[in-house]
Amino acid sequence: MKTILSTLIFVLFTSLNLSFAQTLQQFLPANPTAIVHIKPAVLQAKVNMSELESLEIVHTMMDGVKSMIPSVSNSQDEFNLSALGIDTNRDMYFYANSEEGGMVTALVVNLTDGAKLEQNVKELNYKAKSIADSQFKTFANNDQFISIGNGMAILGMLSKDPEPFDPYAGMDWEVEEREDWEEEEVEVMEEEIEEAVEDEMPEFEDHDIEEDEEIVEVPESLNRYQNESPALNQEWLDKNLMKSILPTGGLSLSKKAKLAKGKGVMTAWVDYGEMMSSISSMAGMDMIAGGMMEDLYGNMYKGMDAYMDLQFNDGEMVIESEYGYPKSLTRGLDLTDAKVNPKFRKYIKGDNLLGVYSMALNPEAYGNIVKETMLSVMDGMPETMGLGRDLAPLLGVIIDEQAIYNFFKGDMVVAFTGINSFEKTVTTYEYDEDFNPIEKESTVESKIPEFTAMMTIGDRTNMQRILNIGKKMGVMESYGKYFQVMAPIGFDLFMAIENDILLISNDAQLITHNLSTGYANKVGGEEWKKIKKSSMHLFWNLPQTMNMASEFGFPLGEEVVNMSQESIKEITWTTPRKQGSNMASTMKMSFVNGKENSLKLILKFFNDMFFAGNSRTSM
Amino acid sequence: MLMVIFCFFFSSCFEITEDITINADGSGNFNLILNASESKDNLANYMKVGEVDGKKIPGQSELNHNLVKLKFILQGISGLSNISIEKDFQNFIFKISGNFSELNRLNAGIIQVAEAFNTSEFPVPRDHNFKAVPGEVQRFFPYPIDQTFYDRTKSSVQYILDEARVTSIFRFSEKIKSFSNSKAKLSPSGKAVMLKATLAEISRAEKTLANKINY
């Protein structure tokens, strides 16, 4: 009986939640360009919100918001969003939706007190807008609107694309046709040319330019929006406002499924191609090169989408993301089907590893993406008359793709492994009693970050040729097995080819003496395993890096360095291998304190840094 | 301004020292030392490559030629004599020294050298750097300072300005009675005054080389 009752209560609670979510979802566009789902309950289940609210940094942020709201700006009470009547305990959505001629962005929220929000809206000079058959009370201020009703609100902004600029707008041109155009005879007159006499140049007095300066008023005809009629503008705004507050039936199933995957406090999905096209249009790129830039952005990212889920767990903040691209881009190949060269391991020094980035991408798949992207860009532009794909095979006469794929094998590692010290003698001056300089030679220690980069080269002969060309051009010196870069970069940089690996490093000892053996203390098994199993991997020891930066004289302050060492452990970002046309990645920021919630730890960190650890009530 | 231009070619420290000794009769000698030994590795590389950030870097022969030209100009100034130039291209230390019959003759030297090497379309300012009368020497610093330059410039240039140093030394045969620049130091013997500043301090107008010394 107890079990049945519990089950019934659970189902009722879930369905209620779903129904609340559905109410908001009914006002989301079916296929938005971008959608963000914010789930406060997920965070509230993990952290005590009152502890966060007591931090000075949170108060400062809230005070900033409070100052913008007339109804509460003068109040002595502590401010939170609930004061606006917004229910901060329940789900909310933010979306961006491309409409013909512009974009609509909106925040859709549940309310605890609609009357409170309405009161605040009126104090912000929003005017009531009458819309027939609407379940909402709508208030508008130019291109912004707030609609309140049914225990929810839609706070939106309507962004219309600017009209193409017409410099001749508003001007009447009449060309007179001349019927009787006759050639006139020109009489040539012979004149005596007098000797030029140099006039005395008048003296110009220096004068204050500002006195004579006329302020140039820009004529209206140069105003970019001059030819846009206010009436057309308002028509677009009204139409899209009404559309935004009508029930739509909610998100499409595919979008719902994408958002449902997210376990974190915020889950987002964006249509890359549509978003880039809209952004470029809003930025006025449609006016560049006859709209080619807008086409370029739209076509470059066509068919690609991105998903992101933000989680604040105990001891770590996690961002899971996924990028999807159409299989046709890679022509069926898997971009992440590649491996890092196992011989790289001995060239990654294990002790004091500050950071390492590794990448292994299928070069042919990557090449196909580049090719297909450029072809679709060209195809999409009317200027090329759809000849992009016809021209592409001709490029094969000049570019040997297979040779490129054989040359670069698609894998690379860059490792920062500590600080490289070297001594140099410098001349300084000391001064005697009469400040007479006494020259003195001294030895100073210089420090630079030590790094080694490596990639697999499939064609050693041609790589050697490239290095030899560098030598002939004077940018490199050859010393048998290795080369030294002669560019003025402030430190010694070496390059060498060992078996099939191109190495670039400022560790002279490695390149000059240990090329075949590598480091005795190579990177540990655990980290190497992550590198081996990933298509892309990043490891960053943040506190060690800050420590090193402060050794270099960056003004970070001992306190900041100590704080970072006590709180943050490391940052990692991993993309597994063999994922097909979806590249899923996980980014983690790990904290020393593995037991407290990561959002609390992040806020505490910044609170300690900027507010000396103050809070308004004790935690 | 010259100092700021120098900055762009250095990624470590360098130091400029002006060292002026004034005798009882108003004559004296001067030493101008550019010590870039802390940047010697970079400078050697720059000169090999011949260019940095699109700016042409003169090679050793061109620098030698310019130093000869400099000496020639200074020798031609009446009141200046025994001009000598020492150059060390290993450690990048350069010294220009000479004698003057009176300190004011250095003004003519500075202006003429600036004009000889001026490749811009703008005329060289003719403001004086020094003024000497019996019992008093004034060191001017007549160059417009944009106090916002430091904050506006990139951090790599800020670093160079912070590290680059200028030292100005005035030495007399008699004891110094007073000097106007509060950041200057008096030697234990009381006959010399020294002022040290970084280019950053000068660019932010926190320090100046200007000084009025009574002796």
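The model is predicted, so local features need pLDDT of at least 70 and side-chain atom pairs count only at pLDDT 80 or more, while totals for chains, interfaces and linings use all residues. Residues are numbered from 1 along each chain as its sequence is written, chains are lettered from A and ligands numbered from 1 in the order in which they are written, and side-chain values use heavy atoms, with hydrogens and water left out.

**Chains**

Helices (H or I, at least four residues) and strands (E, at least two) are DSSP runs, numbered from the N terminus. Buried means under 20% relative accessible area, exposed over 50%, and partly exposed in between (1.4 Å probe, protein chains only). Accessible areas come from the Shrake-Rupley method with a 1.4 Å probe; for residues, only the protein chains shown count as cover.

| Chain | Helices and strands | Buried residues | Accessible surface |
|---|---|---|---|
| B | seven helices, 13 strands | 46% of 215 residues | about 11,100 Å², 54% from carbon and sulfur |

A contact is defined by heavy atoms within 4.5 Å. Of the contacts in chain A with a separation of 6 or more, 71% join residues 24 or more positions apart; in chain B the corresponding share is 62%.

**Core and cavity**

A nonpolar core is a set of buried Ala, Val, Leu, Ile, Met, Phe, Trp, Tyr and Cys residues joined through side-chain atoms within 4.5 Å. The largest such core has 49 residues, and B:Ile20, B:Ile22, B:Leu103 and B:Phe170 have the most contacts inside it. Helix α3 of chain B (residues 60-75) gives the most to this core, with four residues. Apart from residues up to four places away in sequence, B:Leu103 touches B:Ile20, B:Ile22, B:Gly26, B:Phe130, B:Ala132, B:Val137 and B:Phe170.

On a 1 Å grid over the protein atoms alone, a cavity is a set of points where a 1.4 Å probe fits but cannot get out, and lining residues have an atom within 4 Å of a point. Grid points are joined across faces, edges and corners, and a volume is the space filled by probe spheres set on the points. The whole structure has one cavity of 30 Å³ or more, and the largest cavity has a volume of about 40 Å³. Its lining consists of B:Arg139, B:Ser168, B:Phe170, B:Val193, B:Met194, B:Leu195, B:Leu209 and B:Asn211. Strand β12 of chain B gives the most to this lining, with three residues; β9 (165-172) and β12 (192-198) of chain B each supply at least two.

**Individual residues**

Most residues other than glycine have a negative phi. A:Asn499, in the loop between β16 (493-498) and β17 (501-505) of chain A, has a positive phi of about 55°. A:Asn499 is partly exposed, at 43% relative accessible area. B:Phe92 likewise has a positive phi, near 55°, and lies in the loop between β5 (80-88) and β6 (93-100) of chain B. B:Phe92 is buried, with a relative accessible area of 4%.

A:Ala365 belongs to helix α13 of chain A (residues 363-380) and is buried at 0% relative accessibility. Beyond its neighbours within four places in sequence, A:Ala365 contacts A:Thr330, A:Leu333, A:Asp334 and A:Leu335. The C-alpha atoms of A:Ala365 and A:Gly332, 33 residues apart along the chain, are separated by 8.1 Å.

Definitions and conventions: On a 1 Å grid over the protein atoms alone, a cavity is a set of points where a 1.4 Å probe fits but cannot get out, and a pocket is an open set with protein on both sides within 12 Å along at least five of seven lines; lining residues have an atom within 4 Å of a point.
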